[in-house]
Number of protein chains: 2
Amino acid sequence: MPPTITAFERSPDGGKGLARDTRARWALEEAGQPYQVRLVSFTAMKQPAHLALQPFGQIPTYQEGDLALFETGAIVLHIADRHSGLLPIEANARARAIAWMFAALNTVEPPILEREQTAYVVGGKPWLQELLPILHDRIRARLSQLSARLGDADWLDGGFSAGDLMMVSVLLRLQSSSLLDDYPNLAAYVARGEARPAYKRAFAAQLLVNAG
Amino acid sequence: MPPTITAFERSPDGGKGLARDTRARWALEEAGQPYQVRLVSFTAMKQPAHLALQPFGQIPTYQEGDLALFETGAIVLHIADRHSGLLPIEANARARAIAWMFAALNTVEPPILEREQTAYVVGGKPWLQELLPILHDRIRARLSQLSARLGDADWLDGGFSAGDLMMVSVLLRLQSSSLLDDYPNLAAYVARGEARPAYKRAFAAQLLVNAG
(Lines give C-alpha, C1' and ligand atoms only; values in the text may rest on other atoms or scores of the structure.)
Protein backbone atom coordinates (compact mmCIF):
# COMPACT_ATOMS: atom_id res chain seq x y z
CA MET A 1 0.00 0.00 0.00
CA PRO A 2 1.60 3.32 -0.99
CA PRO A 3 1.43 6.13 1.58
CA THR A 4 -1.38 8.67 1.47
CA ILE A 5 -0.75 12.39 1.85
CA THR A 6 -3.35 15.11 2.23
CA ALA A 7 -3.50 18.27 0.14
CA PHE A 8 -5.85 21.24 -0.21
CA GLU A 9 -8.99 20.49 -2.17
CA ARG A 10 -8.35 23.95 -3.60
CA SER A 11 -5.00 25.58 -2.82
CA PRO A 12 -5.06 29.26 -1.79
CA ASP A 13 -2.30 29.90 -4.36
CA GLY A 14 -4.41 28.50 -7.20
CA GLY A 15 -1.77 25.96 -8.21
CA LYS A 16 1.50 27.89 -7.94
CA GLY A 17 2.88 24.94 -5.98
CA LEU A 18 3.47 26.86 -2.77
CA ALA A 19 1.18 24.76 -0.59
CA ARG A 20 3.22 22.41 1.50
CA ASP A 21 1.93 19.22 -0.11
CA THR A 22 4.26 20.07 -3.01
CA ARG A 23 7.23 19.54 -0.68
CA ALA A 24 6.00 16.09 0.33
CA ARG A 25 5.19 15.22 -3.29
CA TRP A 26 8.67 16.37 -4.36
CA ALA A 27 10.34 14.20 -1.71
CA LEU A 28 8.30 11.17 -2.76
CA GLU A 29 9.18 11.79 -6.41
CA GLU A 30 12.91 12.14 -5.62
CA ALA A 31 12.67 8.86 -3.72
CA GLY A 32 10.81 7.23 -6.61
CA GLN A 33 7.91 6.27 -4.36
CA PRO A 34 4.29 6.09 -5.50
CA TYR A 35 1.74 7.81 -3.28
CA GLN A 36 -1.93 8.55 -2.99
CA VAL A 37 -3.50 11.93 -2.29
CA ARG A 38 -6.59 12.67 -0.26
CA LEU A 39 -7.97 16.18 -0.80
CA VAL A 40 -9.27 18.13 2.19
CA SER A 41 -11.53 21.20 2.15
CA PHE A 42 -10.89 24.25 4.35
CA THR A 43 -13.94 23.29 6.39
CA ALA A 44 -12.85 19.69 6.87
CA MET A 45 -9.35 20.80 7.92
CA LYS A 46 -10.75 22.35 11.08
CA GLN A 47 -12.92 19.33 11.98
CA PRO A 48 -12.04 16.70 14.62
CA ALA A 49 -11.22 13.97 12.09
CA HIS A 50 -8.48 16.05 10.48
CA LEU A 51 -7.31 17.60 13.75
CA ALA A 52 -6.72 14.08 15.07
CA LEU A 53 -4.18 13.69 12.26
CA GLN A 54 -2.91 17.28 12.20
CA PRO A 55 -3.41 19.17 15.49
CA PHE A 56 -2.87 22.56 13.81
CA GLY A 57 -5.44 21.97 11.06
CA GLN A 58 -2.96 22.08 8.19
CA ILE A 59 -1.86 19.94 5.28
CA PRO A 60 -0.01 17.76 4.40
CA THR A 61 -0.34 14.71 6.57
CA TYR A 62 1.26 11.37 5.80
CA GLN A 63 -0.27 7.97 6.48
CA GLU A 64 1.45 4.68 5.83
CA GLY A 65 0.20 1.53 7.52
CA ASP A 66 0.09 2.24 11.25
CA LEU A 67 2.02 5.49 10.98
CA ALA A 68 0.31 8.88 10.89
CA LEU A 69 2.65 11.86 10.62
CA PHE A 70 2.25 15.61 10.33
CA GLU A 71 4.62 18.56 9.77
CA THR A 72 6.19 18.78 6.33
CA GLY A 73 9.71 18.71 7.75
CA ALA A 74 9.01 15.46 9.57
CA ILE A 75 7.31 13.93 6.54
CA VAL A 76 10.20 14.80 4.22
CA LEU A 77 12.74 13.55 6.76
CA HIS A 78 10.82 10.31 7.20
CA ILE A 79 10.79 9.73 3.43
CA ALA A 80 14.47 10.68 3.17
CA ASP A 81 15.34 8.33 6.02
CA ARG A 82 13.76 5.30 4.40
CA HIS A 83 14.66 5.75 0.75
CA SER A 84 17.77 6.74 -1.14
CA GLY A 85 18.11 9.99 -3.07
CA LEU A 86 17.51 12.62 -0.40
CA LEU A 87 20.22 12.19 2.23
CA PRO A 88 23.91 11.29 1.99
CA ILE A 89 24.89 7.90 3.41
CA GLU A 90 27.95 9.18 5.30
CA ALA A 91 26.80 10.06 8.83
CA ASN A 92 28.31 13.55 9.13
CA ALA A 93 27.13 14.64 5.67
CA ARG A 94 23.69 13.28 6.54
CA ALA A 95 23.55 15.31 9.76
CA ARG A 96 24.58 18.45 7.86
CA ALA A 97 21.87 17.92 5.23
CA ILE A 98 19.32 17.65 8.03
CA ALA A 99 20.71 20.88 9.51
CA TRP A 100 19.85 22.63 6.24
CA MET A 101 16.29 21.31 6.51
CA PHE A 102 15.99 22.92 9.92
CA ALA A 103 17.69 26.10 8.67
CA ALA A 104 15.13 26.36 5.87
CA LEU A 105 12.19 25.85 8.21
CA ASN A 106 13.28 27.64 11.38
CA THR A 107 15.65 30.38 10.15
CA VAL A 108 14.81 31.30 6.54
CA GLU A 109 11.09 30.57 6.21
CA PRO A 110 9.71 32.43 9.28
CA PRO A 111 10.45 35.98 8.08
CA ILE A 112 9.24 35.09 4.57
CA LEU A 113 5.96 33.73 5.89
CA GLU A 114 5.62 36.64 8.28
CA ARG A 115 5.69 39.08 5.37
CA GLU A 116 2.98 37.14 3.52
CA GLN A 117 0.72 36.81 6.54
CA THR A 118 1.16 40.37 7.73
CA ALA A 119 0.46 41.87 4.33
CA TYR A 120 -2.70 39.77 4.25
CA VAL A 121 -3.91 40.42 7.81
CA VAL A 122 -2.86 44.05 8.18
CA GLY A 123 -4.27 44.80 4.74
CA GLY A 124 -5.70 48.28 4.55
CA LYS A 125 -3.92 49.89 7.52
CA PRO A 126 -1.87 52.93 6.51
CA TRP A 127 1.10 51.80 8.62
CA LEU A 128 1.57 48.65 6.53
CA GLN A 129 3.84 50.81 4.36
CA GLU A 130 6.05 51.47 7.38
CA LEU A 131 6.03 47.85 8.51
CA LEU A 132 6.80 46.18 5.19
CA PRO A 133 10.34 47.60 4.83
CA ILE A 134 11.13 46.27 8.30
CA LEU A 135 9.94 42.81 7.31
CA HIS A 136 11.80 43.00 3.99
CA ASP A 137 15.04 43.88 5.78
CA ARG A 138 14.64 40.84 7.97
CA ILE A 139 14.24 38.63 4.89
CA ARG A 140 17.18 40.29 3.13
CA ALA A 141 19.43 39.65 6.12
CA ARG A 142 18.78 35.92 5.79
CA LEU A 143 19.10 35.93 2.00
CA SER A 144 22.45 37.72 2.21
CA GLN A 145 23.80 35.14 4.61
CA LEU A 146 22.44 32.25 2.57
CA SER A 147 23.81 33.74 -0.64
CA ALA A 148 27.24 34.17 0.95
CA ARG A 149 27.26 30.55 2.08
CA LEU A 150 26.03 29.09 -1.21
CA GLY A 151 28.57 31.05 -3.26
CA ASP A 152 28.88 29.46 -6.69
CA ALA A 153 28.04 25.96 -5.54
CA ASP A 154 25.11 24.10 -7.07
CA TRP A 155 23.70 22.91 -3.75
CA LEU A 156 24.19 23.82 -0.10
CA ASP A 157 26.47 20.97 0.92
CA GLY A 158 27.74 18.62 -1.78
CA GLY A 159 25.03 16.90 -3.80
CA PHE A 160 21.32 17.72 -3.83
CA SER A 161 19.66 16.72 -0.54
CA ALA A 162 16.46 17.08 1.47
CA GLY A 163 18.06 20.27 2.81
CA ASP A 164 18.06 21.75 -0.69
CA LEU A 165 14.53 20.47 -1.33
CA MET A 166 13.35 22.38 1.71
CA MET A 167 15.40 25.53 1.09
CA VAL A 168 14.35 25.80 -2.56
CA SER A 169 10.73 25.27 -1.50
CA VAL A 170 11.03 28.10 1.02
CA LEU A 171 12.69 30.47 -1.47
CA LEU A 172 10.02 29.73 -4.09
CA ARG A 173 7.66 31.74 -1.86
CA LEU A 174 9.63 34.84 -2.88
CA GLN A 175 9.19 34.46 -6.61
CA SER A 176 6.17 36.76 -6.69
CA SER A 177 8.27 39.50 -5.04
CA SER A 178 11.46 41.16 -6.23
CA LEU A 179 13.38 40.10 -3.13
CA LEU A 180 15.45 37.43 -4.88
CA ASP A 181 16.58 39.84 -7.61
CA ASP A 182 19.59 41.03 -5.62
CA TYR A 183 20.85 37.48 -5.18
CA PRO A 184 21.46 35.96 -8.62
CA ASN A 185 23.10 32.86 -7.14
CA LEU A 186 19.99 32.17 -5.05
CA ALA A 187 17.71 32.74 -8.04
CA ALA A 188 19.83 30.27 -10.04
CA TYR A 189 19.72 27.83 -7.12
CA VAL A 190 15.91 27.97 -7.08
CA ALA A 191 15.86 27.47 -10.86
CA ARG A 192 18.09 24.39 -10.48
CA GLY A 193 15.59 22.98 -8.00
CA GLU A 194 12.65 23.66 -10.29
CA ALA A 195 14.47 22.00 -13.18
CA ARG A 196 14.70 18.66 -11.41
CA PRO A 197 12.40 16.08 -13.00
CA ALA A 198 11.08 15.08 -9.57
CA TYR A 199 10.11 18.68 -8.82
CA LYS A 200 8.42 19.00 -12.20
CA ARG A 201 6.35 15.89 -11.56
CA ALA A 202 5.36 17.14 -8.10
CA PHE A 203 4.44 20.55 -9.47
CA ALA A 204 2.40 19.08 -12.32
CA ALA A 205 0.52 16.80 -9.92
CA GLN A 206 -0.54 19.65 -7.63
CA LEU A 207 -1.41 21.81 -10.63
CA LEU A 208 -3.69 19.11 -11.97
CA VAL A 209 -5.69 19.30 -8.71
CA ASN A 210 -5.84 23.07 -8.57
CA ALA A 211 -6.47 23.77 -12.23
CA GLY A 212 -9.32 21.22 -12.22
CA MET B 1 36.68 14.15 23.44
CA PRO B 2 33.27 15.51 24.46
CA PRO B 3 31.47 17.72 21.92
CA THR B 4 31.82 21.50 22.07
CA ILE B 5 28.84 23.80 21.74
CA THR B 6 28.91 27.57 21.40
CA ALA B 7 26.89 29.97 23.53
CA PHE B 8 26.60 33.74 23.94
CA GLU B 9 29.43 35.30 25.90
CA ARG B 10 26.63 37.39 27.36
CA SER B 11 23.06 36.33 26.58
CA PRO B 12 20.60 39.09 25.60
CA ASP B 13 18.16 37.66 28.17
CA GLY B 14 20.66 38.03 31.01
CA GLY B 15 20.45 34.35 32.00
CA LYS B 16 16.74 33.55 31.70
CA GLY B 17 17.71 30.48 29.71
CA LEU B 18 15.95 31.53 26.52
CA ALA B 19 19.06 31.56 24.33
CA ARG B 20 19.12 28.47 22.19
CA ASP B 21 22.24 26.98 23.76
CA THR B 22 19.96 26.00 26.66
CA ARG B 23 18.13 23.62 24.32
CA ALA B 24 21.37 21.93 23.27
CA ARG B 25 22.56 21.79 26.89
CA TRP B 26 19.25 20.27 27.95
CA ALA B 27 19.46 17.57 25.27
CA LEU B 28 23.03 16.72 26.28
CA GLU B 29 21.98 16.53 29.93
CA GLU B 30 19.00 14.26 29.14
CA ALA B 31 21.39 12.04 27.20
CA GLY B 32 23.88 12.06 30.08
CA GLN B 33 26.63 13.36 27.82
CA PRO B 34 29.43 15.66 28.99
CA TYR B 35 30.12 18.67 26.80
CA GLN B 36 32.31 21.72 26.54
CA VAL B 37 31.20 25.27 25.89
CA ARG B 38 32.95 27.94 23.88
CA LEU B 39 31.60 31.43 24.46
CA VAL B 40 31.22 33.80 21.50
CA SER B 41 30.80 37.57 21.59
CA PHE B 42 28.26 39.43 19.43
CA THR B 43 31.14 40.80 17.41
CA ALA B 44 32.78 37.43 16.87
CA MET B 45 29.45 35.88 15.82
CA LYS B 46 29.43 38.01 12.67
CA GLN B 47 33.06 37.26 11.75
CA PRO B 48 34.16 34.76 9.07
CA ALA B 49 35.44 32.17 11.58
CA HIS B 50 32.02 31.81 13.20
CA LEU B 51 30.09 32.22 9.93
CA ALA B 52 32.03 29.25 8.57
CA LEU B 53 30.44 27.21 11.37
CA GLN B 54 27.08 28.98 11.45
CA PRO B 55 26.14 30.74 8.19
CA PHE B 56 23.46 32.86 9.92
CA GLY B 57 25.75 34.14 12.66
CA GLN B 58 23.88 32.50 15.52
CA ILE B 59 24.51 30.13 18.41
CA PRO B 60 24.63 27.27 19.25
CA THR B 61 26.95 25.29 17.04
CA TYR B 62 28.03 21.73 17.77
CA GLN B 63 31.45 20.28 17.05
CA GLU B 64 32.43 16.70 17.64
CA GLY B 65 35.48 15.23 15.93
CA ASP B 66 35.05 15.88 12.21
CA LEU B 67 31.43 16.96 12.51
CA ALA B 68 30.39 20.61 12.66
CA LEU B 69 26.66 21.23 12.95
CA PHE B 70 24.41 24.25 13.29
CA GLU B 71 20.66 24.79 13.87
CA THR B 72 19.39 23.86 17.31
CA GLY B 73 16.84 21.44 15.87
CA ALA B 74 19.54 19.54 14.01
CA ILE B 75 21.83 19.53 17.04
CA VAL B 76 19.13 18.19 19.36
CA LEU B 77 18.09 15.58 16.78
CA HIS B 78 21.71 14.50 16.31
CA ILE B 79 22.15 14.04 20.07
CA ALA B 80 18.79 12.25 20.32
CA ASP B 81 19.74 9.98 17.43
CA ARG B 82 22.96 8.82 19.02
CA HIS B 83 22.01 8.48 22.69
CA SER B 84 19.06 7.07 24.57
CA GLY B 85 16.64 9.20 26.52
CA LEU B 86 15.26 11.56 23.90
CA LEU B 87 13.54 9.44 21.25
CA PRO B 88 11.45 6.26 21.45
CA ILE B 89 13.02 3.14 19.98
CA GLU B 90 9.90 2.03 18.11
CA ALA B 91 10.11 3.49 14.59
CA ASN B 92 6.65 5.05 14.34
CA ALA B 93 6.79 6.61 17.80
CA ARG B 94 10.23 7.95 16.94
CA ALA B 95 8.95 9.58 13.74
CA ARG B 96 6.07 11.17 15.68
CA ALA B 97 8.44 12.58 18.32
CA ILE B 98 10.49 14.15 15.52
CA ALA B 99 7.26 15.59 14.09
CA TRP B 100 6.73 17.42 17.38
CA MET B 101 10.24 18.88 17.11
CA PHE B 102 9.35 20.31 13.71
CA ALA B 103 5.95 21.48 15.00
CA ALA B 104 7.67 23.36 17.81
CA LEU B 105 10.17 25.01 15.48
CA ASN B 106 8.14 25.62 12.33
CA THR B 107 4.56 26.03 13.58
CA VAL B 108 4.56 27.24 17.19
CA GLU B 109 7.80 29.22 17.54
CA PRO B 110 7.55 31.55 14.49
CA PRO B 111 4.59 33.66 15.74
CA ILE B 112 6.12 33.78 19.25
CA LEU B 113 9.45 35.00 17.93
CA GLU B 114 7.73 37.41 15.58
CA ARG B 115 6.04 39.11 18.51
CA GLU B 116 9.36 39.50 20.34
CA GLN B 117 11.22 40.81 17.34
CA THR B 118 8.50 43.16 16.17
CA ALA B 119 8.01 44.70 19.61
CA TYR B 120 11.77 45.29 19.65
CA VAL B 121 12.21 46.62 16.11
CA VAL B 122 9.00 48.61 15.78
CA GLY B 123 9.54 50.04 19.25
CA GLY B 124 8.24 53.59 19.51
CA LYS B 125 5.83 53.60 16.55
CA PRO B 126 2.25 54.45 17.57
CA TRP B 127 0.82 51.64 15.44
CA LEU B 128 2.62 48.98 17.49
CA GLN B 129 -0.51 49.00 19.67
CA GLU B 130 -2.61 48.04 16.64
CA LEU B 131 -0.16 45.40 15.47
CA LEU B 132 0.42 43.59 18.78
CA PRO B 133 -3.14 42.26 19.13
CA ILE B 134 -2.85 40.78 15.64
CA LEU B 135 0.37 39.02 16.60
CA HIS B 136 -1.13 37.86 19.90
CA ASP B 137 -4.12 36.35 18.11
CA ARG B 138 -1.77 34.40 15.90
CA ILE B 139 0.04 33.00 18.94
CA ARG B 140 -3.24 32.20 20.71
CA ALA B 141 -4.49 30.26 17.69
CA ARG B 142 -1.48 27.94 17.99
CA LEU B 143 -1.71 27.70 21.77
CA SER B 144 -5.40 26.75 21.58
CA GLN B 145 -4.64 23.97 19.13
CA LEU B 146 -1.67 22.74 21.14
CA SER B 147 -3.68 22.86 24.38
CA ALA B 148 -6.51 20.87 22.78
CA ARG B 149 -4.07 18.21 21.60
CA LEU B 150 -2.16 17.93 24.88
CA GLY B 151 -5.36 17.62 26.94
CA ASP B 152 -4.48 16.21 30.34
CA ALA B 153 -1.49 14.20 29.15
CA ASP B 154 1.92 14.80 30.67
CA TRP B 155 3.75 14.92 27.34
CA LEU B 156 2.77 15.30 23.70
CA ASP B 157 3.01 11.66 22.63
CA GLY B 158 3.69 9.05 25.30
CA GLY B 159 6.85 9.59 27.33
CA PHE B 160 9.03 12.69 27.36
CA SER B 161 10.91 13.14 24.08
CA ALA B 162 13.00 15.59 22.10
CA GLY B 163 9.66 16.87 20.79
CA ASP B 164 8.68 17.92 24.31
CA LEU B 165 12.14 19.35 24.94
CA MET B 166 11.69 21.60 21.94
CA MET B 167 8.05 22.51 22.58
CA VAL B 168 8.67 23.38 26.24
CA SER B 169 11.69 25.46 25.18
CA VAL B 170 9.55 27.37 22.70
CA LEU B 171 6.73 27.98 25.21
CA LEU B 172 9.21 29.20 27.83
CA ARG B 173 9.57 32.29 25.64
CA LEU B 174 6.03 33.24 26.67
CA GLN B 175 6.62 33.22 30.42
CA SER B 176 7.29 36.95 30.53
CA SER B 177 3.89 37.57 28.90
CA SER B 178 0.41 36.61 30.09
CA LEU B 179 -0.29 34.57 26.98
CA LEU B 180 0.01 31.18 28.69
CA ASP B 181 -2.44 32.16 31.45
CA ASP B 182 -5.47 31.04 29.46
CA TYR B 183 -4.00 27.57 28.97
CA PRO B 184 -3.42 25.98 32.38
CA ASN B 185 -2.53 22.61 30.86
CA LEU B 186 0.23 24.23 28.77
CA ALA B 187 1.52 26.16 31.79
CA ALA B 188 1.65 22.88 33.74
CA TYR B 189 3.38 21.20 30.79
CA VAL B 190 6.07 23.87 30.77
CA ALA B 191 6.47 23.49 34.55
CA ARG B 192 6.93 19.72 34.12
CA GLY B 193 9.69 20.41 31.64
CA GLU B 194 11.40 22.87 33.94
CA ALA B 195 11.20 20.38 36.81
CA ARG B 196 13.28 17.79 34.99
CA PRO B 197 16.72 17.41 36.57
CA ALA B 198 18.36 17.63 33.12
CA TYR B 199 16.64 20.95 32.42
CA LYS B 200 17.68 22.27 35.82
CA ARG B 201 21.32 21.40 35.15
CA ALA B 202 21.17 23.03 31.72
CA PHE B 203 19.54 26.15 33.13
CA ALA B 204 22.06 26.41 35.97
CA ALA B 205 24.97 26.03 33.56
CA GLN B 206 23.80 28.88 31.32
CA LEU B 207 23.00 31.03 34.34
CA LEU B 208 26.52 30.57 35.64
CA VAL B 209 27.83 32.10 32.41
CA ASN B 210 25.39 34.97 32.33
CA ALA B 211 25.38 35.88 35.99
CA GLY B 212 29.21 35.93 35.94
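Guide: Let us start with contact: two residues are in contact if their C-beta atoms, placed from the backbone, lie within 7 Å. Please keep in mind that this is a predicted model, in which local features need pLDDT of at least 70, side-chain atom pairs count only at pLDDT 80 or more, and totals for chains, interfaces and linings use all residues. Residues are numbered from 1 along each chain as its sequence is written, while chains are lettered from A and ligands numbered from 1 in the order in which they are written.

Visitor: How do you know that the copies meet through the same surface?
Guide: By that contact rule, 35 residues of chain A touch 35 residues of chain B. Of the interface residues of chain A, 100% are also interface residues in chain B, so the two copies use the same surface.

Visitor: Which elements of chain A supply at least two residues to the side that touches chain B?
Guide: They are β4 (67-70), α4, α5 (91-122) and α6 (128-150) of chain A. The most comes from α5(A), with 15 residues. These labels are DSSP runs numbered from the N terminus: helices are H or I with at least four residues, and strands are E with at least two.

Visitor: What makes a residue on that side nonpolar, polar or charged?
Guide: Ala, Val, Leu, Ile, Met, Phe, Trp, Tyr, Cys and Pro count as nonpolar, Asp, Glu, Lys and Arg as charged, and the others, Gly among them, as polar. Sorted this way, the side of chain A that touches chain B has 20 nonpolar, seven polar and eight charged residues.

Visitor: Why are the two copies said to be related as by a two-fold rotation axis?
Guide: Two copies of a chain are related by a rotation about an axis and a shift along it. Here, chain A is superposed on chain B by a rotation of 180° with 0.0 Å of shift along its axis, at an RMSD of 0.0 Å. The two copies are therefore related as by a two-fold rotation axis. The superposition is by least squares on the C-alpha atoms of residues with pLDDT of at least 70 in both.

Visitor: What is the predictor's confidence in chain A?
Guide: pLDDT is the predictor's confidence in each residue, from 0 to 100. Chain A has a mean pLDDT of 96, and 100% of its residues reach 70 or more. The model also scores ipTM 0.97 and pTM 0.97.

Visitor: Into which domains is chain A divided?
Guide: Domain 1 covers 4-86 + 198-210 and domain 2 covers 91-196, with bounds from an automatic or database domain assignment. Their C-alpha centres lie 21 Å apart. The contact takes 14 residues from domain 1 of chain A and 13 residues from domain 2 of chain A. On the side of domain 1 that touches domain 2, α1 (21-30), α4 (72-82) and α9 (197-210) of chain A give two or more residues each. The largest share, five residues, comes from α1(A).

Visitor: What makes two strands a pair?
Guide: Two strands pair if DSSP finds at least two bridges between them. In chain A, β1 (residues 4-8) and β3(A) have two bridges and pair in the antiparallel sense. The bridge partner of A:I5 in β3(A) is A:Y62.

Visitor: Why are some strands of chain A said to stand at the edges?
Guide: The open sheet of four strands in chain A has the order β2-β1-β3-β4, with mixed pairing. Both β2 (36-40) and β4 of chain A have a single partner strand, so one side of each is left without a neighbour in the sheet.

Visitor: How do you know that β3(B) and β4(B) pair?
Guide: Strand β3 (residues 61-64) of chain B and β4(B) have four bridges and run in the antiparallel sense. One bridge partner of B:Y62 is B:L69 in β4(B). The two strands form a hairpin with two residues between them, and B:G65 in the turn has a positive phi of about 55°.
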